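Work through these exercises with the sequence and the model side by side. Try each task before reading its solution.

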Amino acid sequence: MSDVVVVGAGIVGAAVARELAVRGVPVTLVDRGQVSSGTTGLGEGNVLAGDKDTGPELDLTLAGLALYDELEARLGDEARIRRKGAVVGHREAETWTAEPARAARLGVPARLIGPEERQRLEPALTGPAHGATVVPGDLQCDARAIARALAREAGEAGAEVRTGVEVEAVDMTGGRVHGVRTAAGRVTAGAVVLAAGTWTAPLAASAGVPLPLEPRKGQLVRLRAPRPHFVVHKVLEASYLGAVRSAAAGLQLSAVVETTWEGDVLVGSSRERCGFDTAVDPRLSDAMIERAAHLFPALRALARLDAWAGLRPWLPDGLPAIGPSEAVPGLWLATGHEGAGVALGPVTGRLVAQLYCDEPPVADPAPFAPDRFAEGAG
């Protein structure tokens, strides 16, 4: 019998299992697919502070960036970490006027540059802009490889990793968690950590915890680069920050441009709450490329190689749910990271393990309390 069952083997769940296992906690990691076969591998693999503002998510992000130093030291080339930095471009005077104050609040090195320096840093970034913010510490990684490495490390530390096992519900006895029910039978444990991303809400409901989590669809397009280093940094327009924070259900479009590990150009981004639909919309690809071409005009002429869509786990207040439920003994949540799951996955695992083992937490867990959505909470 394990002390803890972790449901979901993406980067968040794998990190939780690893952090518990290295502390000597008997843990079982289960997933209906393979390790990192879901949302973790569908994004850009970004770890960003430059798209944040002051608040609990930024605090957790800063702790997460520090943890990526550890991951790079442990995993080396396997993690494929590129410290490329981010460039936030400002086409509107309003966002540019407010940017010095936001940049000062980030808690990481950031500097404002004018059009001439922007052109030097990103020669193909020729679209009109008032200026840009450079955040050199932001990075890109291979999130799928990192999740697999974390699951491997969990196994090496004694965890049982079970793939191809679909969890149907949290098993409850006498008002507290007793494990999980799967298609293959029960897995008994004194605690269950739900880290199943977009698919977490029904499992939480099976334990009596309301979680207004919804899938937030995002689409990406991959283009053939005309030459090496066509795009150097992760480049995003300032409106991206508002799109991430928006609670609107309708389509949110903002320009994001960077390169893949192989050197292709990756164009985003879109956000919309439309259920579990992951169909690619060619018209949306057209719109994203056209919007990104306001930053990089040469994008219009590049050959399209691929397009795909994934689902981000979204919660209404824009913060993940991390930690134990006070209402249901034994139930823990680690989900709702929206588009920051890669940045916050490893540090979420550490925070959960620290709370479980009564260690000082790497960040204040109060803003991420899983019960905050219950009627009368707060």
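**Exercise 1. Cysteines**

Task: How many disulfides does the structure hold, and are cysteine 141 and cysteine 357 buried or partly exposed?

Solution: 
- Step 1. Bear in mind that the model is predicted.
- Step 2. Look for cysteine sulfur atoms within 2.5 Å of each other. The structure holds zero disulfides.
- Step 3. Take cysteine 141. Its relative accessibility is 8%, and buried means under 20%, so cysteine 141 is buried.
- Step 4. Take cysteine 357. Its relative accessibility is 26%, which lies between 20% and 50%, so cysteine 357 is partly exposed.

**Exercise 2. Arginine 350 and the largest cavity**

Task: Where is arginine 350 found, what does it touch, and which residues line the largest cavity?

Solution: 
- Step 1. Find the element. Arginine 350 is in helix H9, which covers residues 341-356.
- Step 2. Check burial. The relative accessible area of arginine 350 is 16%, so this residue is buried.
- Step 3. List the contacts. Leaving aside residues up to four places away in sequence, arginine 350 touches Arg18, Glu19, Arg23, Leu67 and Glu70.
- Step 4. Turn to the largest cavity. Its volume is about 40 Å³. The lining consists of Ala15, Arg18, Glu19, Leu67, Leu71, Arg74, Leu150, Pro346 and Arg350.
- Step 5. Assign the lining to elements. Helix H1 (11-21), H2 and H9 each give two or more residues to it.
- Step 6. Sort the lining by class. Five residues are nonpolar, none is polar and four are charged.

**Exercise 3. The second largest cavity**

Task: How many cavities of 30 Å³ or more are there, and which residues line the second largest cavity?

Solution: 
- Step 1. Count. There are two cavities of 30 Å³ or more.
- Step 2. Give the volume. The second largest cavity has about 40 Å³.
- Step 3. Name the lining. It is made up of Gly89, His90, Arg118, Leu125, Ala129, Ala132, Val235, Leu236 and Leu295.
- Step 4. Pick out the elements. E4 and strand E13 (234-237) each supply two or more lining residues.
- Step 5. Sort by class. Six residues are nonpolar, two are polar and one is charged.

**Exercise 4. Arginine 80 and the second largest pocket**

Task: What is the phi of arginine 80, and which residues lie nearest the centre of the second largest pocket?

Solution: 
- Step 1. Arginine 80 is in the loop between helix H2 (56-75) and strand E4 (86-90).
- Step 2. Read the angle. Phi is positive, about 50°, although arginine 80 is not a glycine.
- Step 3. Relative accessibility is 27%, so arginine 80 counts as partly exposed.
- Step 4. Move to the pocket. Its volume is about 490 Å³, and 20 residues line it. Gly41, Gly43, Arg80, Asp142 and Glu262 lie nearest the centre.
- Step 5. Sort the lining. It has six nonpolar, six polar and eight charged residues.

**Exercise 5. Two serines**

Task: Where is serine 36, and which residues does a cis peptide bond join?

Solution: 
- Step 1. Locate serine 36. It sits in the loop between strand E2 (27-31) and strand E3 (46-47).
- Step 2. Check burial. Relative accessible area is 1%, so serine 36 is buried.
- Step 3. Find the cis bond. It joins glycine 268 and serine 269, with omega about -5°. Serine 269 belongs to strand E15 (residues 265-271).

Terms used. Residues numbered from 1 in each chain as written. Predicted model: local features only at pLDDT ≥ 70, side-chain atom pairs only at ≥ 80, totals over all residues. Heavy atoms only, no water. Buried < 20%, exposed > 50% of the residue type's maximum accessible area, 1.4 Å probe, protein only. Helix = DSSP H or I, 4+ residues; strand = E, 2+ residues; numbered from the N terminus. Contact = heavy atoms within 4.5 Å. 1 Å grid on protein atoms, 1.4 Å probe; cavity = no way out; pocket = protein on both sides within 12 Å on 5 of 7 lines; lining within 4 Å. Points joined across faces, edges and corners; volume = space filled by probe spheres on them. Nonpolar A, V, L, I, M, F, W, Y, C, P; charged D, E, K, R; others polar.
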